[in-house]
Amino acid sequence: MSVETTPALDVIHLSVNFENGSGELQALEDVTFRVWPQEFVCLLGPSGSGKSTLLRVLAGLVPPTQGEIRFAGGRTPRIGYVFQQANLMPWRTVLENIMLPLELQGVPPDEARRQAQAWVERVGLNGFESAWPRDLSGGMAQRVAIARALIHDPDLLLLDEPFGALDALTRERMGAELLALWQAQRKTVLMVTHSISEALLLADRVLVFTPRPGQVSLDMPVPLPRPRSEELRYTMEFIHLARQLRQAIG
Ligand SMILES: Nc1ncnc2c1ncn2[C@@H]1O[C@H](COP(=O)(O)OP(=O)(O)OP(=O)(O)O)[C@@H](O)[C@H]1O
């Protein structure tokens, strides 16, 4: 945990209801937790427990029905968002997709290109600058999405099952790459995943959600030493933590 004393964000008694055809549906109920600067927090829970909804509330895309979110400094932070699908613009090359957030901020094109090129290298896509999204593998497309989410130097990175559509080996590799990026960039991260081992390899803390309406049923620190590698999976401590999470999910 960070030594800084101001939380990056405070989620306070948050409830979210949606109107659906037959009435109200409660997605989240009285959710309270805080996240510290530079912390990596994974959200685990059954399908429909409101994890994606929580990220959308944090991004300001869905209003809370009750409760509130407080961000450090009293203002909404700059946010990078990555979804299960890369959602790249098909008419833009890899480089042009990565530089988009800077263009939208009004950064001059040459400077935007220079920074995008640095990100191409950071996410291991050298040589693919001019490739089109349709020619990329799933893992490569997600690397573009991650670079695009980080290029504007967000304070908060929201990841909604970013590796959920990838095969198991690519997923492992992407997890390791994300960890290396996080170690270098030290963003505050909230990541939804369905994988217990992914959560344990990446997170400082794991929040487990109950079935709908989502509530936090377990807030578990992950005391595994860093840097972490896949080998950790075979240690007794890892297996013990994985069992605790499995039991909490039910
Ligand atoms: N815009 C919306 N309108 C109505 N209902 C919604 C809306 N968004 C989400 N829901 C409902 O809220 C509940 C929580 O959905 P959410 O996608 O947040 O869960 P989740 O935990 O992320 O699920 P999964 O793990 O399957 O992605 C679900 O029952 C979903 O159908």
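**View 1. H13 is placed in strand 1 of a predicted model.** H13 is not a glycine, yet its phi is positive, at about 45°. Most residues other than glycine have a negative phi, and most peptide bonds are trans. Residue numbers start from 1 along each chain as its sequence is written. In this predicted model, local features need pLDDT of at least 70 and side-chain atom pairs count only at pLDDT 80 or more, while totals for chains, interfaces and linings use all residues. Strands (E, at least two residues) and helices (H or I, at least four) are DSSP runs numbered from the N terminus.

**View 2. An open, antiparallel sheet of 3 strands has the order 2-1-4.** Two strands count as paired if DSSP finds at least two bridges between them. Strand 2 (23-35) and strand 4 (66-71) are the edge strands; each has a single partner strand, so one side of each is left without a neighbour in the sheet. From one strand to the next, the twist averages 25°; angles run from 0 to 180 degrees between N-to-C directions, with axes as lines fitted to C-alpha atoms, for helices over the stretch in contact. Strand 1 (residues 9-20) pairs with strand 2 over 9 bridges in the antiparallel sense, and L14 stands opposite V31 in strand 2. Helix 1 (residues 51-58) packs on this sheet and touches strand 1, strand 2 and strand 4, its direction making about 70° with that of strand 2; contact requires C-beta atoms, placed from the backbone, within 7 Å.

**View 3. A mixed, open sheet of 6 strands has the order 5-6-7-3-8-9.** Strand 5 (79-82) and strand 9 (216-221) stand at the edges with a single partner strand each, so one side of each is left without a neighbour in the sheet. Strand 3 (residues 40-44) and strand 8 (residues 205-209) run parallel and are joined by 4 bridges. C42 stands opposite V206 in strand 8. Helix 1 packs on the sheet, touching strand 3, strand 6 (156-160), strand 7 (188-192) and strand 8, and its direction makes about 150° with that of strand 7.

**View 4. Helix 2 (residues 94-105) packs with helix 4 (residues 138-150).** The angle is about 30° and the axes are 7 Å apart. Helix 2 and helix 4 are therefore roughly parallel to each other, a term for angles under 35 degrees. The contact is made by V94, N97, I98, L100 and P101 of helix 2 and V144, A147 and R148 of helix 4.

Note on methods. Two residues are in contact if their C-beta atoms, placed from the backbone, lie within 7 Å. Angles under 35 degrees count as roughly parallel, over 145 as roughly antiparallel, 65 to 115 as roughly perpendicular and the rest as oblique.
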